[in-house]
Structure formats: C-alpha cells, structure tokens
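Please look over the sequence and the structure before reading on.

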Amino acid sequence: MAEHENAPNDPIIMCEDVHKWFDDFHVLKGITTSFQKGERAVICGPSGSGKSTFIRTLNRLEEHQRGTIIIDGIELSDDLHNINLIRQEVGMVFQQFNLFPHLTNLENITLGPIRVRKLTKSEAEEIALSLLERVDIADQAYKYPAEISGGQQQRVAIARALAMEPKIMLFDEPTSALDPEMISEVLDVMRELAHSGMTMLVVTHEMGFAREVADRVMFFDEGVVVEEATPADFFDNPQHERTKLFISQTLQH
C-alpha cells in the first residue's frame, strides 16, 4: 500500500500477528487488532501483561520482531524514513513526563515544531501558548518543569505532543506517577481531547475514565488480548474469568 492512500474506512492503525521478545521473554504473542480514525481505546491489564510494550511498538520505541504494523497507510519497518513519518503523526505521553529540565515549559513545547515542522520561533510560540491555555496552565509558560506540580508537568507533556499536530495520541499510564489530587486535572484534559475527536490509545488503570470515554476497552494478560468490548459490556458482562478477577481487584481500589 502506498503512503497515505488508505481508503476512508480503512483503520488508521492495523496490527497483524505482532510478536515481541525481550531476550527469552515473549512479551507480545501475536496481537491482531485495528483502530479506526477517531476511536478511543483504553488498554488495561496487570503489570507485565504487554500493554505498554504494545503501544510503544506503534511508534517504534520498541521494535516488533514478527508481524505487521501499519499506521495511516505506512508500514512500520526498519525504514528510518517511514519511522520518522509515523512519529510525526503519533504523539506520545509517558508515565514520567520526560520534559527537558533546562528548558522552560514553553520551550519544551516549541522545540519539536521548530526542529521537525520547521516553524519559526514566533509561530511555534503562538501554537504553544494556545495549547497551554487549552490544558489550563497558560500562566506556567515561562516557568521550568521543576517549578510546577506533577499534574502540571503532565499537562505540559500533553501540550508538547499536541504541538506536532498528531493524528494519533498514545498515553502510557499518564496518571500513575501522580499524586491522587492531580490525577483528575490530567484526566480532564484527556476527556476534552477525546471529545475533540482525536484517535487515542490509553494504557491506564483509571476505570472510571475508561467507562466514560472509551469506545472500546482491551484487556491484556501475558502478552495476548484476553478480552475486548465496549465499556458497558466489559465492566458489566465480562466473558473471561481473568477479566472478572482483574475488574473486581481494580474497582476495589
């Protein structure tokens, strides 16, 4: 398939029999799934289930060793040109915020647009300031990451990803490093993003968010997708014992 020639109804992400090993550990065991443009999927599961590794394969932060991954019509392979094209379309927000400590929050956001999208400094700053307003921390633009809270840092990280105008946003446990009172402010930003129509894949244990925002919930365990369903079916009528156990344990917290 040529670049960007996928038909309107084709999935924006297609995974076929995706395998990944870390040495002898078979972390992804033949994942076959797809995601439509504008879909919001929440991926959950116990530690070590492969869920974070899976979304990290979608922008080549982890290399899959078998199978096929196609992002917006471009196959993810060893081709650096394709990897760079895909990374321009896929934003990523990590558990640890990964901001540059020596740059202001504003500079953290403008760095990518200036270097990669070749915007002028003033163009990039205009976008960055509007995004900081969107994530409700416009007043923190000229501070450094160490001078703001974890929740604010994560919102800077979301703004930084959005500044590249991605078609897809990946979130890898974006609230798990935050104090409880900061979680809701980050989830509020993610809710707004979801309602704007962004394609989102979110690895999280925030089941309330999954129930409210997701089109589909996927449950990973031991490198396979054990169950996937709409939130209503997933939470109220899970089919697998492993899923039932996970939900009961998660909802107790």
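What percentage of the 253 residues in the chain is made up of buried residues? Buried residues account for 53% of them. The model is predicted, and its secondary structure comes to nine helices and 10 strands.

**Overall dimensions and surface**

- The radius of gyration of the chain is 18 Å, which agrees with the value near 18 Å that a compact globule of 253 residues would have.
- Taken along the principal axes, the box filled by the C-alpha atoms is roughly 50 × 45 × 35 Å.
- Counting contacts between residues at least 6 apart in sequence, 65% join residues at least 24 apart.
- The chain has an accessible surface of about 11,900 Å², and carbon and sulfur atoms hold 48% of this surface.

**Nonpolar cores**

- In soluble globular proteins, nonpolar side chains tend to be buried together.
- The largest nonpolar core has 47 residues; those touching the most other members are Ile 158, Met 169, Phe 171, Met 190, Met 200 and Phe 234.
- Helix H6 (residues 180–195) supplies the largest share of this core, with eight residues.
- A second, separate core holds 28 residues, including Val 18, Leu 28, Ala 41 and Val 203.
- Leaving aside residues up to four places away in sequence, Phe 234 touches Cys 44, Val 217, Phe 219, Glu 227, Ala 229, Thr 243 and Ile 247.

**Asn 59**

- Asn 59 sits in the loop that runs between helix H1 (51–57) and strand S4 (66–71).
- Its relative accessible area is 6%, so Asn 59 is buried, the cut-off being under 20%.
- Beyond residues up to four places away in sequence, the contacts of Asn 59 are Leu 76, Ile 86, Arg 87, Val 90, Met 92 and Leu 170.

**Gln 140**

- Gln 140 is placed in the loop between helix H4 (121–134) and helix H5 (150–162).
- Gln 140 counts as buried because its relative accessibility is 7%, against a cut-off of under 20%.
- With residues up to four places away in sequence not counted, Gln 140 touches Asn 105, Ile 148 and Gln 152.

Notes:
Residues numbered from 1 in each chain as written. Predicted model: local features only at pLDDT ≥ 70, side-chain atom pairs only at ≥ 80, totals over all residues. Heavy atoms only, no water. Core = buried A, V, L, I, M, F, W, Y, C linked by side-chain atoms within 4.5 Å. Buried < 20%, exposed > 50% of the residue type's maximum accessible area, 1.4 Å probe, protein only. Helix = DSSP H or I, 4+ residues; strand = E, 2+ residues; numbered from the N terminus. Contact = heavy atoms within 4.5 Å. Rg over C-alpha atoms; globule rule 2.2 N^0.38 Å. Areas by Shrake-Rupley, 256 points an atom, 1.4 Å probe, with all protein chains shown as cover.
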